[in-house]
Amino acid sequence: MYTQAMDTAPQEARKPVRSAEEARLEERFEARIDEGGFVEAKDWMPEHYRKTLVRQISQHAHSEIVGMLPEGNWVTRAPTLKRKAILLAKIQDEGGHGLYLYAAAETLGVSRDEMLEALHSGRAKYSSIFNYPTLTWADVGVIGWLVDGAAIMNQVPLCRCSYAPYARAMIRICREESFHQRQGYDALLVMMQKGTDAQRAMVQDAVNRWWWPSLMMFGPHDSDSVHSAQSMRWGIKRISNDDLRQKFVDATVEQAKVLGVTLPDPDIRWNEERQHYDFGRIDWDEFWRVVGGEGPCNRERMAARVKAWEEGAWVREAALAYARKREAAREAA
Ligand code: FAQ
């Protein structure tokens, strides 16, 4: 399985001896967190807090840019000019989200080159969901509805993350994600209500394939989540993996009814006592296989990212040369 590049050693093992000054700073930091305050890049923060953020934000950034690939597969085959323009705008937004997030991670002292090296070498994680194939046009709609839907559920609470640069990035991102989800739902609604039997079957097939991987996006159960307790204490995560997953199921079951599709889980039923929908068991073996690099498209995704990076080298060189030239001209003036 991949090991995460920037936060691997057990915390206890590498806890340094703290000076009195550090203890005082940490106390102030904890007090600010307890009051629900925000932390800015220039503020003192514990090393473990910084590393946790670098890990989460960089994984999130990688997810956005790898997430461009499954949909990118359909740009040339979108069924109408309107759908093609919408899809292009959505994919472009995702590239933008990656950039906001890399910039937010950079404020924590890690460079973009380091983060991308971790991605390309296979040491960094990105969301498991983007290792599944997009076989038909309906997959594009289902990604908008379910994948962006799950992403929004997870990301809205991040707008209140205690690290302010991440929270600010998330506010912009969530506005755009909301459009992404609607466009997906709208595309599916058109196929379900105005399409042929074959198109309706195509939507149902895509829902069958994407439902369970979408539930996996929220991460392992709370009892198996290694980072949740500390991240929640620090106000990085505001709602737990399981609670977010439940909120997603509750919202999505109702949307599926309007759409006229069946969610592929015979155990979904309303639980009057819990006031939530019950649902079946997630296949965690599949989840960890995909996270560990053995999903249907992991190799293809990484190969596409590395190729784009290598083929884009001349753009980076040209941009740097231009920046250097401007700098030299400024110094000479
Ligand atoms: N895939 O202890 P926890 C999007 C890893 S963006 C892969 O619970 P944590 C937009 C986790 O990293 C989607 N790995 O960890 C879009 C950790 O490994 P590590 C991405 C996963 O951090 C839409 C280990 O398992 N969103 O979709 C996954 O407290 C459409 C133990 O897990 C974000 O990244 C997974 N699904 O909670 C783009 C949101 N789940 O690091 C294009 C921000 C867990 O120790 C098209 N991130 N792992 O090696 C988060 O909220 C959190 O990081 C979680 C995981 C909830 C993902």
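Two exercises with worked solutions follow, on a predicted model. Local features need pLDDT of at least 70, side-chain atom pairs count only at pLDDT 80 or more, and totals for chains, interfaces and linings use all residues. Residues are numbered from 1 along each chain as its sequence is written, and side-chain values use heavy atoms, without hydrogens and water.

**Exercise 1**

*Solution*

**Exercise 2**

Find the salt bridges of Lys 90 with Glu 71 and with Asp 148, and place the residues.

*Solution*

Step 1. Apply the criterion: a side-chain nitrogen of Lys or Arg within 4 Å of a carboxyl oxygen of Asp or Glu.

Step 2. Glu 71 and Lys 90 pass, with their closest N and O atoms 2.5 Å apart. Glu 71 lies in helix H3 (residues 68-72) and Lys 90 in helix H4 (residues 81-106), so the pair ties together parts 19 residues apart in sequence. Helices here are DSSP runs (H or I, at least four residues), numbered from the N terminus.

Step 3. Asp 148 and Lys 90 also pass, at 2.8 Å from N to O. Asp 148 sits in helix H6 (residues 137-155), 58 residues from Lys 90.

Step 4. Check burial (under 20% relative accessible area, 1.4 Å probe, protein chains only). Asp 148 is buried at 5%. Lys 90 is buried at 0%.

Step 5. Join the shared partners: Glu 71, Lys 90, Glu 94 and Asp 148 form one network.

Conventions:
Helices (H or I, at least four residues) and strands (E, at least two) are DSSP runs, numbered from the N terminus. Buried means under 20% relative accessible area, exposed over 50%, partly exposed in between (1.4 Å probe, protein chains only).
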